[in-house]
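Work through the exercises below with the sequence and the model open. Try each task before reading its solution.

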Amino acid sequence: MIGGGLAGLSCAVALAEAGLRVRLLEKRPHLGGRATSYTLPDGSEVDNCQHVTLRCCTNLADFYRRAGAADKVRFYSRLYFADKQGRRSTIEASSWLPPPLHMAPSFLFFSALTLADKRSIARALMAVARSGGSPAGAEGLSMLDWLQRMKQTRAAIERYWRVVLVSALDEELARTDARYGIEVFWKAFLANSMGYQVGIPTVPLAELYDGCREALVQRGGAVELRSGVREMRVAGKRFAGAVLEGGAEIQADACVAAVPHSALPGMLPSEMFGDGAPLAGLKHIKTSPITGVHLWFDRTVMTEPFLTLLDHTTQWVFNKTLLSAPRDGGNAKGGATKKRGIEDEAGGKSNGQYLQLVISASYDLVPRSRQEIVDLCRSELADVLPATREANLVKATVIKEVNATFSPQPGIDRWRPAQDIGMENLFLAGDWTRTGWPSTMEGAVRSGYLAAEALLASFGQPRKFLQPDLPAEGLCARWASRRMEGRS
Ligand SMILES: Cc1cc2nc3c(=O)[nH]c(=O)nc-3n(C[C@H](O)[C@H](O)[C@H](O)COP(=O)(O)OP(=O)(O)OC[C@H]3O[C@@H](n4cnc5c(N)ncnc54)[C@H](O)[C@@H]3O)c2cc1C
């Protein structure tokens, strides 16, 4: 296994479970790839960027279970929004209305949208729901084109569709394949009443992968960090060994390359990337940036666990002090709201608070200095968290991930190779391979499971790892089955 991100880890754990001896080679000193954490020079441990999952990410949940990390992710059923004036709205499923109507009551009270905005949104959502998640006429369009065809108001686009989708897909609506945007709404907000619930790790990201090493070692395998692979040797249609950066050669019965798509051309023979070759499409896959801003205040400035900002550059604010607190607070599933508890937890022993801000598709921020970005974020926080105006900023860090995810541009799927590229014993994994999912942790795990299935099938030991989606419920179940019948 080459690469210790979520694709490589999930594939390795699945293969070890199937009885294979897996040797995982990771270039960096830690596991997790783009979803990891590390220690700053002053000793504080930070995620490279806050990562969230949703209940509809069934394969990631399965991987966390296999890695023994499921209890380190806490789910929230209430989503908080703040507008320019700091006014709050929340979105939450009702327990008495079946999908797709379960969000309707809180949507009706969503104060940042007018009745006309809501009517246009409801019309588009119903078109998605009634088609079982696949409305006619969206193929080949950008999400923005589709929304305009669906006659969405300007505010509906800016304060609803854009807010959800730029964070979920890390791209502007005009550069996003409509199918990807529609699927987010179908899977998270329409088909199943729990799909939208937000899962947030309570520990630094790298800790989620502690169990993976053990799973491999138990089967006689190993995890080797700081072991970058320089070259994969190929003879005909066979993987014939890997050469480490230090020059050592490694043999294996089979290999899964779970590295970013941009790393492959330097590692495999150039013929594999030529016109008509299995990896010819890779050059068309573009990436988009995410900026994470970490701010430590000297006092409590926020009581919600997280907040989505409308009409600001900053999209999400995570209350890291509260989210990592051991006690169950906020609206986390399994715990009642304990306002007093939140304030105590948020204050913590030092009475300070650590916030992490996320800006997806942050093209405009890439050329800006760290200080400019911190100043911008502070001025936006003053709108929605007034206590930050008086608070002292103790410390700040900006982490720009310029190639954070692949850009889900219209037509992207035709450039994404399958995990099985027709080689006898060389397979691919990575969020960028063909999974049908955007560049997410769920997509990475799906690719890992698919690669494990392909490798085991090539050994004559077929096995299934891929998990089904959450089942469609209520009216959506009927509409989804009608769509399936129409297909068969
Ligand atoms: C800032 C940011 C925020 C994000 N937020 C979210 C979120 O909230 N929710 C979500 O679902 N997704 C999020 N994502 C996306 C998610 O992190 C990725 O989709 C996922 O982690 C990709 O996993 P991967 O294994 O496919 O690739 P990677 O994580 O890139 O793993 C590839 C691994 O291969 C290693 N490698 C590379 N070259 C070599 C070599 N030559 N030899 C050995 N090893 C090598 C790398 O070091 C790396 O560990 C975010 C991504 C970023 C960057």
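**Exercise 1. Find which element gives the largest share of the shell around the ligand, and describe that shell.**

Step 1. The largest share comes from α13, with 4 residues. Helices (H or I, at least four residues) and strands (E, at least two) are DSSP runs, numbered from the N terminus. The model is predicted: local features need pLDDT of at least 70, side-chain atom pairs count only at pLDDT 80 or more, and totals for chains, interfaces and linings use all residues. Residues are numbered from 1 along each chain as its sequence is written.

Step 2. At least two shell residues each come from α1 (6-17), β14 (287-297), β18 (393-406) and α13.

Step 3. Around the ligand there are 38 residues, of which G3, G5, G33, C49 and T440 come nearest. A residue is near a molecule if its C-beta atom, placed from the backbone, lies within 6 Å of it.

Step 4. By class, the shell holds 16 nonpolar, 15 polar and 7 charged residues. Ala, Val, Leu, Ile, Met, Phe, Trp, Tyr, Cys and Pro count as nonpolar, Asp, Glu, Lys and Arg as charged, and the others, Gly among them, as polar.

**Exercise 2. Identify the residues of the largest nonpolar core that touch the most other members.**

Step 1. A nonpolar core is a set of buried Ala, Val, Leu, Ile, Met, Phe, Trp, Tyr and Cys residues joined through C-beta atoms within 7 Å. A residue is buried if 20 or more other C-beta atoms, placed from the backbone, lie within 10 Å of its own.

Step 2. The largest core has 134 residues, and C11, A12, V256, A257 and A451 touch the most other members. Helix α13 (residues 441-458) gives the most to this core, with 10 residues.

Step 3. Leaving out residues up to four places away in sequence, A257 touches I2, G3, M232, L264, L426 and L428.

How values were computed:
Buried ≥ 20, exposed ≤ 12 C-beta atoms within 10 Å, placed from the backbone. Contact = placed C-beta atoms within 7 Å.
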